[in-house]
Amino acid sequence: MLSKKMTKALNQQVNMEAYSYYLYLSLAAYFDHINFPGIAKWQRLQANEEQEHMMKIFNYITERGGRVILTDIAAPKNDWTSPIKAFENALAQEKKVTKAIHQLYDKAHQENDHASAIFLQWFITEQVEEESSISLIIERLRHVKTQAGLLLIERELNER
Ligand code: FEO
């Protein structure tokens, strides 16, 4: 059975993943609006992943006899001054998530909750991948000097 503290912390993480889902949906809407449907598709798929993360934690709480409590999801930003700023916003959110997951992992150890620690390892690995893939896109966007270069990224992200 999950401790009260662990249940509360995992519920907060459900909310954080829901916010990430919302943020990527907002990014999808932005890229659709500025006519980059390929990048918008990438954002939609990313949003789907966030929903999966949220549900993984949701199901885990239930499986361990905890109670899922859903709370308000904050509104994400809905406009950015450039594609790069949009991806930087996504990276900042991923960094926050990484920090929160690491804190959850520490908490699991403090509580001698080995099952939660093992459960959270998947998220620790996942965050390395998420931060790395977004950082790579930002790096590439930084080097793009022409509209043609941007369209190349658009085409590649469409293939996700
Ligand atoms: Fe669920 Fe991208 O962190």
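The structure is a predicted model, in which local features need pLDDT of at least 70 and side-chain atom pairs count only at pLDDT 80 or more, while totals for chains, interfaces and linings use all residues. Residues are numbered from 1 along each chain as its sequence is written, and side-chain values use heavy atoms, with hydrogens and water left out.

After helix 1 comes Asn35, with a positive phi near 65°.

Turning to the rings, the structure holds 7 aromatic pairs. Rings of Phe, Tyr and Trp (its six-membered ring) pair if their centres lie within 6.5 Å, and planes under 30 degrees apart count as stacked, over 60 as edge-to-face and the rest as tilted. Tyr30 and Phe31 have ring centres 5.0 Å apart and planes at 70°, so this pair is edge-to-face. Tyr30 is buried at a relative accessible area of 4%, and Phe31 is buried at 0%; buried means under 20% relative accessible area, exposed over 50% and partly exposed in between (1.4 Å probe, protein chains only). Trp122 and Phe123 also form an edge-to-face pair, with 4.9 Å from centre to centre and 85° between the planes. In this pair Trp122 is partly exposed at 37% relative accessibility, whereas Phe123 is buried at 1%. Ring pairs also link Tyr30, Phe31, Trp42, Trp80 and Phe87 into a cluster.

The charged end of Lys56 sits over Trp122, 4.1 Å from the ring centre, and Arg160 lies over the face of Trp42 at 4.8 Å from the ring centre.

Arg160 also takes part in a salt bridge, meeting the side chain of Glu49 at 3.1 Å, N to O. This pair links distant parts of the chain, as Glu49 is in helix 2 and Arg160 in the segment after helix 5 (147-158), 111 residues apart. Both partners are partly exposed, Glu49 at 23% relative accessibility and Arg160 at 33%. The structure holds 7 salt bridges, each a side-chain nitrogen of Lys or Arg within 4 Å of a carboxyl oxygen of Asp or Glu.

Glu88 is partly exposed at 28%, as is Lys85 at 43%. Arg142 forms a salt bridge with Glu88 too, at 3.3 Å, N to O, and this pair links helix 4 (residues 114-143) to helix 3 across 54 residues. Salt bridges that share partners join Lys85, Glu88, Glu139 and Arg142 into one network.

Terms used: Helices (H or I, at least four residues) and strands (E, at least two) are DSSP runs, numbered from the N terminus. A charge sits over a ring if NZ of Lys or CZ of Arg is within 6 Å of the ring centre and within 35 degrees of the ring normal.
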